[in-house]
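Hi everyone, thanks for coming. I'd like to walk you through one structure today, a few places at a time. Have a look at it first, and then we'll start.

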Amino acid sequence: MAPMSGMKSSKMHSKVVIIGSGPAGHTAAIYLARANLSPVMFEGFMANGFAAGGQLTTTTDVENFPGFPDGVRGPEMMDKFRAQSIRFGTKIITETISKIDLSQRPFRYWREGQEDGEPETTDTLIIATGASAKRLGLKGEETYWQSGISACAVCDGAVPIFRNKPLAVIGGGDSAAEEATYLTKYGSHIYVLVRRDELRASVIMAKRLKSNPKVTILWNTVATECLGDGDLLNGLRIKDVKTGDEKVLPISGLFYAIGHQPATALVRNQIATDPDGYIITVPGTTETNVKGVFAAGDVQDKRYRQAITSAGSGCMAALEAERLLAEEEELKEHSGA
């Protein structure tokens, strides 16, 4: 537990700082601003490889977020989140936090390029830095990312360019089996590329995948190049790792199911994380093992990773931070501090 023995910064001290500007961060900001806690959000400058707004800024159409019956483009939705945060008084800073000290409260942090200067401080901290899909770096990958290539079947599987078309999934674990099975609802046929000659998926997931007539598993197979017409993906060059044979697989969609990388380097070794680097929270809350630090969104959610669940956890983090600050203020008054 971080002791309350630190000094407030003469540079800038806040009651609550939010790091991250996706649905989790902005939902937390909206709740905290409406509670008159004057939240400060560091939305980052290409932090974790994303523009301010997080992963949704790289998404085309979002069709599963309530309130948008005709769907909404990811960047447009994040612009609306940002405008709402500002409307209620959130101070948004387009800089990246590069260093943080959680050993005592108030917590100390430094902006990128100012690591040797005086730190700024905050009584509470909400970490909403997100996670990014692991990529393979294939030739053509950048060209067709979100134009046929996705890392989320639940998010994108139902969009028109994938309906009744042949699709491919790369991966051999439970996530790959789950994504491929989900995609059978929309695609005409699903190819699963597995580098080895067996699946890493659990027995039940593997059995379900193998028995699905709309699924073909390509064993000992890797992708080498993403092909298309310059606008949309229409094929994948694949290679048999045992024979070296290559061929082109005609597909309209490629889904990566090789894991995600949570953006937790900033707090590594200062806060409890699981073996994959995701922040561990007290079940049913966004509380971490450091009092006053809360984690919301994909940085602590390796299961759902949806905009709506991120927003929900952002709300939880805000309410929990507000409650803690109120309790501590009450204790101060009673103790005469």
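Before anything else, one term: when I say that two residues touch, or are in contact, I mean that they have heavy atoms within 4.5 Å. And please keep in mind that this is a predicted model.

Okay, let's begin with D245. Which residues does D245 touch, if we leave out those up to four places away in sequence? The answer is I238, K239 and D240. D245 itself sits in the loop between β15 (233–240) and β16 (246–249). Is D245 buried or exposed? Exposed means over 50% relative accessible area, and D245 counts as exposed because its relative accessibility is 52%. One more thing here: the C-alpha atoms of D245 and T221 are 9.7 Å apart, and the two residues are 24 places from each other along the chain.

Now zoom out from that loop to the strands around it. There's an open sheet of three strands, in the order β14-β15-β16, with antiparallel pairing. β14 (221–228) and β16 are the edge strands, so named because each of them pairs on one side only. On average, neighbouring strands in this sheet are turned by 25° against each other, ignoring direction. If you follow β15 and β16, you'll find four bridges between them, in the antiparallel sense. I238, one of the residues that D245 touches, stands opposite K247 in β16. If sheets are new to you, strands pair through backbone hydrogen bonds, and the pairing is either parallel or antiparallel.

For a parallel example, look at β11 (residues 166–170) and β12 (residues 189–193), which pair over five bridges. Across that pair, P166 stands opposite H189 in β12. β11 is mostly covered, with four of its five residues buried.

Next up, the cysteines. How many disulfides do we count? One. The disulfide joins C152 to C155, with 2.1 Å from S to S. The link between C152 and C155 is right-handed, with 70° about the S-S bond. C152 counts as buried because its relative accessibility is 15%, while C155, at 28%, is partly exposed.

Let's move on to a helix. α1 (residues 23–34) has twelve residues, and from first C-alpha to last it reaches 17 Å, close to the 16 Å expected at 1.5 Å a residue. Ten of those twelve residues are buried, so α1 is largely enclosed by the rest of the structure. Among the buried ones are P23, H26, I30 and L32. What do the buried residues of α1 pack against? Their partners include β1 (13–19), α2 (74–87), β8 (120–127) and α7 (307–335). Just after α1 comes N36, which takes a positive phi of about 60°.

T124 is in strand β8, and T124 counts as buried because its relative accessibility is 0%. A polar atom of the T124 side chain lies 2.8 Å from the backbone oxygen of K15. Leaving out residues up to four places away in sequence, T124 touches K15, V16 and V17, and the list also includes R105, F107 and L325.

Most residues other than glycine have a negative phi, and most peptide bonds are trans. Now look at R105 and P106: a cis peptide bond joins them, with omega at about -5°. P106 lies in the loop between β6 (97–101) and β7 (107–111). Then there's N164, which is not a glycine but has a positive phi of about 55°. You'll find N164 in the loop between α4 (153–156) and β11, and N164 counts as exposed because its relative accessibility is 62%. R305 isn't a glycine either, and R305 has a positive phi of about 50°. That residue, R305, is in the loop between β19 (293–295) and α7.

That's my tour. Over to you.

Note on methods:
Residues numbered from 1 in each chain as written. Predicted model: local features only at pLDDT ≥ 70, side-chain atom pairs only at ≥ 80, totals over all residues. Heavy atoms only, no water. Helix = DSSP H or I, 4+ residues; strand = E, 2+ residues; numbered from the N terminus. Buried < 20%, exposed > 50% of the residue type's maximum accessible area, 1.4 Å probe, protein only. Disulfide = S-S within 2.5 Å. Pairing = 2+ DSSP bridges. Axes fitted to C-alpha atoms, helices over the stretch in contact; angles between N-to-C directions. Expected span 1.5 Å × (residues − 1). Polar contact = N/O pair within 3.5 Å; in protein donor to acceptor, adjacent residues only side chain to side chain.
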